[in-house]
Amino acid sequence: MGRVLVVDDERGVQESLRLLLKDEHDVATASSVDEALDALDRGGADVILLDLVMPGRSGLDMLRELAERGDGPPVVVVSATRAIPPAVEAMKLGAIDFVTKPFEVDALRIKVRQILAHRALEQEVVRLRDEVAGRARLGRLIGRSEVMRAVYRTIERVAGSRANVLITGESGTGKELVARAVHELGPRRAAPFVVVNCAAIPEPLLESELFGHEKGAFTGAHERRIGRFEAASGGTLFLDEIGELPLALQAKLLRAIQDRTIDRVGSAQPIPVDARVVAATNRELDKEVAAGAFRADLYYRIHVVPIALPPLRERREDIRLLADTFLARVRSEAQRGPRVIAPAAVTALERYAWPGNVRELENAIERAVALADGESLELADLPEEIQLAARSDGLREAVRAGRVDLETAVARFETDLIREALARTGGNQTRAAEQLGLTRRVLKLKMDRYAIGSAEGA
Ligand SMILES: Nc1ncnc2c1ncn2[C@@H]1O[C@H](COP(=O)(O)OP(=O)(O)OP(=O)(O)O)[C@@H](O)[C@H]1O
Ligand SMILES: [Mg+2]
């Protein structure tokens, strides 16, 4: 079922075509080129059946106009003329077929069916190609959880606009990856993506870093310098850790965003800039606003579209996929390493709290691959804090299930922690006690109670 637009000045022809096609398709009719163009503007069509000779503008005129507009529906010319030149002209102007009146009913019906099927297929290919391209550009972002899918949808929705985006989330949740995806998926992808980390640049340098300076603007300004705002013109400016921006610069940034002009340091000549601003922070900016540390007007300007990235512990269903992907990546880079993650290790990864989020997981896998010597990455290859969390989790379950009493569980937990502290300090009891927040005497008592040898860890 498609939308067919019949353009013919003769009512009789309009009517017979409508009768012929109406069971299979949505048929609209127009008596002139102007009417037809109106109908197209209002609702579009999937195929046009076009007469050539009509009062006013001719079918060829319509073909010319459609060619100029580009991207119109396919046109089949249906004409009483048997002369060759108009037919050739029509084909040159982009008509895909030429049918003479009176037409063969079945042949025309089949032709329309074929054209519509072909068009549907073409549109499907375009849609799939876009989807694949979109996916490739979101590609470095991993995660199939509902929260991450919602994040992808937002990225896709805003990428095409120039709305300012504020990305929030704990450290290591992927804020920079998301900022890059917003840039890569949008029309600015060929222009630069410029990063300014507001926390990493010392305050006195930040203004000239952002807005540039003129030669001689301050001691040491030997040459004119283009700031990152200007460098990002046409592209995207990523302001990382925007919560760290000093108040004085917040005012200048607000102006740059509002008026789309900047002043280089040492110049009063405003320079137009066209950078889309994407900002990120791991602070709660609304609280900073309430506390007077962040300008409310700037806050409203930059968080037109907020994207909140969930901490990893709130999307545990993604942990396994992330871990497997990182493992495969490290393996292919190092040309060695385990192929799989042992079930006990997977469980530990899925249970751990991940205060450092995806970055911590990525580092943990990298380290574990370096340590692992078999075909599988074992629990023992993972960083201690993850192993410990797994063990204490196991203990907690055992206590809950009544298999272990509380006192035994606490004793085991203490034993583990003491052994680890001794291992970390190479058996130095004074330092181990310090790390555990105990006096050396209390540590010694506990070691005796749990039968931990004084040579352990050494
Ligand atoms: N969803 C994800 N899929 C794949 N890799 C991710 C994802 N999120 C984060 N990472 C990886 O984790 C690391 C940290 O990501 P990123 O630098 O984007 O985090 P961030 O939120 O900007 O952290 P910070 O606040 O510390 O700057 C990067 O190596 C990134 O590739
Ligand atoms: Mg970052």
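User: What makes a residue count as surrounding ligand 1, and which are the closest?

Analyst: A residue is near a molecule if one of its heavy atoms lies within 4 Å of it. By that rule 19 residues surround ligand 1, the closest being Ile-142, Ser-171, Lys-175, Arg-359 and Glu-362. The model is predicted: local features need pLDDT of at least 70, side-chain atom pairs count only at pLDDT 80 or more, and totals for linings use all residues. Residues are numbered from 1 along each chain, ligands are numbered from 1 in the order in which they are written, and side-chain values use heavy atoms, without hydrogens and water.

User: Why is the pair between Ser-171 and ligand 1 called a polar contact?

Analyst: A polar contact is a pair of N or O atoms within 3.5 Å. A polar side-chain atom of Ser-171 lies 2.7 Å from an oxygen atom of ligand 1, so the pair meets the cut-off. A polar backbone atom of Ile-142 is 2.8 Å from a nitrogen atom of the ligand, and a backbone N or O atom of Gly-174 is 3.1 Å from an oxygen atom of ligand 1.

User: How much of ligand 1 does the protein bury?

Analyst: Taken alone, ligand 1 exposes 630 Å² (Shrake-Rupley method, 1.4 Å probe); the protein buries 88% of that.

User: What makes seven of the residues in the shell around ligand 1 charged?

Analyst: Asp, Glu, Lys and Arg count as charged; Ala, Val, Leu, Ile, Met, Phe, Trp, Tyr, Cys and Pro as nonpolar; the others, Gly among them, as polar. By class, the shell has seven charged, seven nonpolar and five polar residues.

Methods:
Polar contact = N/O pair within 3.5 Å; in protein donor to acceptor, adjacent residues only side chain to side chain.
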